[in-house]
Amino acid sequence: MVSQIIFAIVLIAAIVFFTKAVRKISRNIKLGKPFDRSDRSGDRWKAMFMVAIGQSKMVTRPFAGVLHIFVYAGFVIINIEVLEILIDGVAGTHRILSSFLGPFYTFLISAFEFLAVAVAVSCAIFLIRRNIGKLKRFWSKEMTSWPRTDANIILTTEILLMCAFMLLDISDTLIQRTSNPGYSGFYISNMLTGVLSGSSVSTLEFIEKFCWWFHIIGILAFLNYIPYSKHFHIVLAFPNVYYSNLNPKGEFTNLASVTREIKLMLDPNAAVAAPAETPATPERFGAKDVFDLSGIQLMNAYSCTECGRCTSSCPANQTGKMLSPRKIMMDTRDRLEEVGKNIDKNGKFVDDGKSLLFNYITPEEVWACTSCNACTEECPVNIDPLAIIVDLRRFLVMEQSAAPQELALMMNNVENNGAPWQFPASDRLNWTTAL
């Protein structure tokens, strides 16, 4: 009973702390502007099954993609085994599902063991690629000590959890054989019993109990770590893909406030439909801080896996410019976290004299973007860094008239001449004279 009580306390505490962390993240996302992407539900479900569940964009880079599928499948499927551990922990039973599932239970746990080995091997390869192979996209300027450490913590934890799971099964198999010499155990652990052969029964019982507690407490600790880690994408990837932009790449949105003003200028009758009262605080054109972004853009920031595929495919980044789409998403998340802590401390947001633009993201980064959408196309969870970049540009142009000289000249020409060139519309056909 003491063991069951301790387990129940640990379980309840883990659920409470995880719930509080998730509610804070949800609150932070809701600081953004409301968004409505309830259209095309069939296409959205299809995208979620293909991209988030089916991992279709991961395998565009086959080696890392296949390894990630092993880790992903292991994370999802092995958690079925966690349900049994939870029941055993609360009820004080031992492998309670074995009595219900019979021979299928042996097949099920053996499949879990295969996945556990695959996950451990995959994570070990990922660690080698990151820290020994030093893959370029994991060592760029925004990948400071914490992002690298965060990834290493997660990969190491997953390896330890899988090892504990395997040792649990191996020790249990050897214990069962003491009373039933014909007991075969599970397929993978049965082949690895030599790891603990020669150990006394008391030693095996200690190893089994230690690994059981280590495995479940490790999972609960992992659960409470991921809201503070880039690995929260394992939760947000699904809604993030569902609500992703399904419009053709390169199709930009129109600012509702600008559209309304243009309609009023061009059509006097539109004034009838115009709002009777204007808000006390005029709506900002574009985005300067996280409050000016939409909720889906903020969800994008929390969904970023920091894999760097976007940055490694960015032509601006490849030519040595300041822009890194991954840094755009990381900076947005960091600023949003800073705003959230401000709210936690003061009960509401108190102006801290900072903003996403200028303090986190520089105009130089924003203007380096070619709007090619390579980052959006590459992202495994359909994040759209370009949407944030465009909104930051809009603020610079429409609020501060701070466009680069070449762009300002082109926009003046469009306004005055109806074309991007420096000659009037009346001269537009002069090139035909010689013909």
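**Figure 1. Thr193 in a loop of the predicted model.** Thr193 is buried, at a relative accessible area of 11%. The model shown here and in the other views is predicted. Thr193 sits in the loop that joins helix 7 (187-191) to helix 8. Leaving out residues up to four places away in sequence, Thr193 touches Ile170, Thr173, Leu174 and Arg177.

**Figure 2. Val241 and its contacts.** Val241 belongs to helix 9. This residue has a relative accessible area of 0%, so Val241 is buried. Neighbours within four places in sequence aside, Val241 is in contact with Ala47, Met48, Val51 and Ala52, and also with Val381 and Asn382. Phe49 is 192 residues from Val241 in sequence. In space, the C-alpha atoms of Val241 and Phe49 are 9.1 Å apart.

**Figure 3. Helix 1, its span and its buried residues.** Helix 1 covers residues 2-29, a run of 28 residues. At 1.5 Å a residue, helix 1 should span 40 Å, and the 41 Å between its end C-alpha atoms agrees with that. Buried residues of helix 1 include Phe7, Leu11, Ala14 and Phe18. Ala21, Ile25, Asn28 and Ile29 of helix 1 are buried too. In an α-helix, residues three or four places apart point the same way, because there are 3.6 residues a turn. The buried residues of helix 1 pack against helix 3 (62-91), helix 8 (201-225) and helix 9 (233-242). They also pack against helix 11 (295-303) and helix 14 (325-346).

**Figure 4. The largest pocket.** This pocket has a volume of about 1,200 Å³. It is lined by 46 residues, and Arg37, Asn245, Thr253, Asp384 and Ala387 are the closest to its centre. Helix 2 (41-53), helix 11, helix 17 (374-378) and helix 18 (385-398) each supply at least two residues of the lining of the largest pocket. Helix 18 gives the largest share, five residues. By class, the lining of the largest pocket holds 17 nonpolar, 13 polar and 16 charged residues.

**Figure 5. The second largest pocket.** The volume here is about 690 Å³. Of the 32 lining residues, Met58, His68, His231, His233 and Thr305 are the closest to the centre of the second largest pocket. At least two lining residues come from each of helix 2, helix 3, helix 5 (103-131), helix 6 (145-179) and helix 9. The largest share of this lining, seven residues, is from helix 3. The lining of the second largest pocket divides into 20 nonpolar, six polar and six charged residues.

**Figure 6. The largest cavity.** The structure has four cavities of 30 Å³ or more. The largest cavity holds about 90 Å³ of space. Its lining counts 15 residues, with Cys304, Cys307, Cys310, Cys379 and Ile383 the closest to its centre. Helix 12 (309-313) and helix 14 are the elements that give two or more residues to the lining of the largest cavity. Helix 14 provides the largest share, three residues. Ten residues of the lining of the largest cavity are nonpolar, two are polar and three are charged.

**Figure 7. The second largest cavity.** About 80 Å³ of space lies in the second largest cavity. Among its 14 lining residues, Cys314, Leu323, Cys369, Cys372 and Cys375 are the closest to its centre. The elements that give two or more residues to this lining are helix 13 (315-318), helix 17 and helix 18. By class, the lining of the second largest cavity has eleven nonpolar residues, three polar and no charged.

Figure 8. A disulfide is a covalent bond between the sulfur atoms of two cysteines. The structure holds zero disulfides. Cys310 is in none, and the nearest cysteine sulfur, in Cys307, is 6.2 Å away. Cys310 has 11% relative accessibility and therefore counts as buried. For Cys369, the closest cysteine sulfur is that of Cys375, at 6.4 Å, which is too far for a bond. A disulfide needs the two sulfur atoms within 2.5 Å. At 13% relative accessibility, Cys369 counts as buried as well. The threshold for buried is under 20% relative accessible area. Cys310 is one of the residues closest to the centre of the largest cavity, and Cys369 is one of those closest to the centre of the second largest cavity.

Terms used:
Residues numbered from 1 in each chain as written. Predicted model: local features only at pLDDT ≥ 70, side-chain atom pairs only at ≥ 80, totals over all residues. Heavy atoms only, no water. Buried < 20%, exposed > 50% of the residue type's maximum accessible area, 1.4 Å probe, protein only. Helix = DSSP H or I, 4+ residues; strand = E, 2+ residues; numbered from the N terminus. Expected span 1.5 Å × (residues − 1). Contact = heavy atoms within 4.5 Å. 1 Å grid on protein atoms, 1.4 Å probe; cavity = no way out; pocket = protein on both sides within 12 Å on 5 of 7 lines; lining within 4 Å. Points joined across faces, edges and corners; volume = space filled by probe spheres on them. Nonpolar A, V, L, I, M, F, W, Y, C, P; charged D, E, K, R; others polar.
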